[in-house]
Amino acid sequence: GENISSVQVENSLNDHPAVLESAVVGMAHEKWGEVPRAFVVLRPNATTPTERNLIDWVRDHLAHFKAPHCVEVVAELPKGGTGKVQKRELRERPL
């Protein structure tokens, strides 16, 4: 497997015109151990991009292996009292 910076992938997703914010966590993978899984919140009134569109967006801006293997659109990201995204909660969500 490769080391992938979740912040780098999040920054790429956040550059997409339809994405308001994102979070990337590791997801178990049989061959690689872990692969990126993304959660995105869309901007109000944005045209909803497809999962493939968002993955291709990252692939166009970063190395292909850094692109998330799946992208889930959510209404909001879970945050703690300081406003930090609670990635532990995202990791525990079923596929």
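Where does Glu10 lie? Glu10 sits in helix α1, residues 6-14.

## Ground rules

This is a predicted model, so to speak of local features a pLDDT of at least 70 is needed, side-chain atom pairs count only at pLDDT 80 or more, and totals for chains, interfaces and linings use all residues.

Glu10 is buried, with a relative accessible area of 11%; here buried means under 20% relative accessible area, exposed over 50%, and partly exposed in between, with a 1.4 Å probe and protein chains only. The helix label comes from DSSP: helices are runs of H or I with at least four residues, strands are runs of E with at least two, and both are numbered from the N terminus. Leaving out residues up to four places away in sequence, Glu10 touches Ser22, Ala23, Val24 and Lys87, where contact means heavy atoms within 4.5 Å.

With Lys87, Glu10 forms a salt bridge, and the closest N and O atoms are 2.7 Å apart. Glu10 lies in helix α1 and Lys87 in helix α3 (residues 87-91), so this pair ties together parts that are 77 residues apart in sequence.

## The other salt bridges

How many salt bridges does a search of the whole structure find? The search finds four, a salt bridge being a side-chain nitrogen of Lys or Arg within 4 Å of a carboxyl oxygen of Asp or Glu. Glu21 and Lys79 make one of them, with 3.0 Å between the closest N and O atoms. Glu21 lies in strand β1 (residues 19-29) and Lys79 in the loop between β3 (70-73) and α3, so the pair ties together parts that are 58 residues apart in sequence. Glu21 is partly exposed at 22% relative accessible area, and Lys79 is partly exposed too, at 42%.

Glu72 and Arg37 also meet through their side chains, in a salt bridge of 3.2 Å, N to O. That pair links distant parts of the chain, with Glu72 in strand β3 and Arg37 in strand β2 (residues 33-42), 35 residues apart.

## The β1-β2 hairpin

Strands β1 and β2 run antiparallel and are joined by 10 bridges; two strands pair if DSSP finds at least two bridges between them. The two form a hairpin with three residues between them. Which residue of β2 is the bridge partner of His29? The partner is Gly33.

## The largest pocket

Rolling a probe the size of a water molecule over the atoms shows where empty space is left. The largest pocket holds about 230 Å³ of space. A pocket is found on a 1 Å grid over the protein atoms alone, as an open set of points with protein on both sides within 12 Å along at least five of seven lines, while a cavity is a set of points where a 1.4 Å probe fits but cannot get out; lining residues have an atom within 4 Å of a point. Grid points are joined across faces, edges and corners, and the volume is the space filled by probe spheres set on the points.

The largest pocket has 14 lining residues, and Ile4, Gly26, Glu34, Val35 and Pro36 lie nearest its centre. At least two lining residues come from each of β1, β2 and α3. By class, the lining has six nonpolar, four polar and four charged residues, with Ala, Val, Leu, Ile, Met, Phe, Trp, Tyr, Cys and Pro counted as nonpolar, Asp, Glu, Lys and Arg as charged, and the others, Gly among them, as polar.

## Loop residues

Lys66 lies in the loop between α2 and β3, and Lys66 is buried, with a relative accessible area of 16%. Neighbours within four places aside, Lys66 is in contact with Ile4, Gln8, Val9, Pro36 and Val58. Asn45, in the loop between β2 and α2 (51-61), is exposed at 83% relative accessible area. Asn45 has a positive phi of about 65°, although it is not a glycine.

Gln86 is found in the loop between β3 and α3 and is partly exposed, with a relative accessible area of 30%. Not counting residues up to four places away, Gln86 touches Pro78, Lys79 and Gly80. Between the C-alpha atoms of Gln86 and Pro68, 18 residues apart along the chain, the separation is 18 Å.

Definitions and conventions. Residues are numbered from 1 along each chain as its sequence is written. Side-chain values use heavy atoms; hydrogens and water are left out.
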